[in-house]
Amino acid sequence: MYAVIGRVKIKPGHEQETLAMIEQRGVAMVRGFPGSRGGYWARTVDGDDLIQHLFWLFDDEEGARVAEATAQTLREMPDAPASFISVDVCEVVGEA
């Protein structure tokens, strides 16, 4: 199993907009990736910056790479409600 793990910084005043984007597009997008096993989004609860993390699971590396490429497109969207920080494809090596 593979995971795509990413981070974005939510721009001030866009908190609700980014939540709506997850519901309106994010969930369906992740479900549509090949080999998708689902996804999670989480936000920091402390600190001055609001950081949103994504954690998407895939059956294989190929599906994870497709999702990674999509997440990378945030770099090219200056008007997006969040600023791209990072995205990584990881092999899942343990489970509880």
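Reader: Why is Ala64 called buried?

Author: One note before that: this is a predicted model. As for Ala64, its relative accessible area is 0%, and buried means under 20%, so Ala64 counts as buried.

Reader: What touches Ala64, leaving out residues up to four places away in sequence?

Author: Tyr2, Val4, Phe58 and Val89 do. Ala64 itself sits in helix H2. Pro34 is 30 residues from Ala64 in sequence, with 8.2 Å between the two C-alpha atoms.

Reader: What makes Val66 partly exposed?

Author: Val66 is in helix H2 too. Its relative accessible area is 37%.

Reader: Which residues is Val66 in contact with, aside from its neighbours within four places in sequence?

Author: Phe33 and Pro34. Val66 and Pro34 are 32 residues apart in sequence, and their C-alpha atoms are 7.9 Å apart in space.

Reader: Over to helix H1. How do you know that Ile22 is buried?

Author: Ile22 lies in H1 and has 15% relative accessibility.

Reader: What does Ile22 touch, not counting residues up to four places away in sequence?

Author: Val27, Trp41 and Gln52. For Trp41, the separation from Ile22 is 19 residues in sequence and 8.2 Å in space, C-alpha to C-alpha.

Reader: Which other residues of H1 are buried, and what covers them?

Author: Besides Ile22, the buried residues of H1 are Thr18, Gly26 and Val30. The cover includes strand E1 (2–10), strand E2 (36–43) and strand E3 (51–58). On the spacing, residues three or four places apart in an α-helix point the same way, because there are 3.6 residues a turn.

Reader: What makes the reach of H1 close to the expected one?

Author: H1 covers residues 15–32, which is 18 residues. From its first C-alpha to its last it reaches 25 Å, and at 1.5 Å a residue 26 Å is expected.

Reader: And where does H1 bend?

Author: At Arg25, by about 45 degrees.

Reader: How much space lies in the largest pocket, and what lines it?

Author: About 480 Å³ of space lies in the largest pocket. It is lined by 22 residues, and Met21, Met29, Trp41, Trp56 and Leu74 are the closest to its centre. E1, H1, E3 and helix H2 (61–72) are the elements that give two or more residues to the lining.

Reader: Which element gives the largest share of that lining?

Author: H1, with 6 residues.

Reader: How many of the lining residues are nonpolar, polar and charged?

Author: The lining of the largest pocket has 13 nonpolar and 7 polar residues, plus 2 charged ones.

Key
Residues numbered from 1 in each chain as written. Predicted model: local features only at pLDDT ≥ 70, side-chain atom pairs only at ≥ 80, totals over all residues. Heavy atoms only, no water. Helix = DSSP H or I, 4+ residues; strand = E, 2+ residues; numbered from the N terminus. Expected span 1.5 Å × (residues − 1). Bend = angle between axes of the 7 residues up to and from the residue. Buried < 20%, exposed > 50% of the residue type's maximum accessible area, 1.4 Å probe, protein only. Contact = heavy atoms within 4.5 Å. 1 Å grid on protein atoms, 1.4 Å probe; cavity = no way out; pocket = protein on both sides within 12 Å on 5 of 7 lines; lining within 4 Å. Points joined across faces, edges and corners; volume = space filled by probe spheres on them. Nonpolar A, V, L, I, M, F, W, Y, C, P; charged D, E, K, R; others polar.
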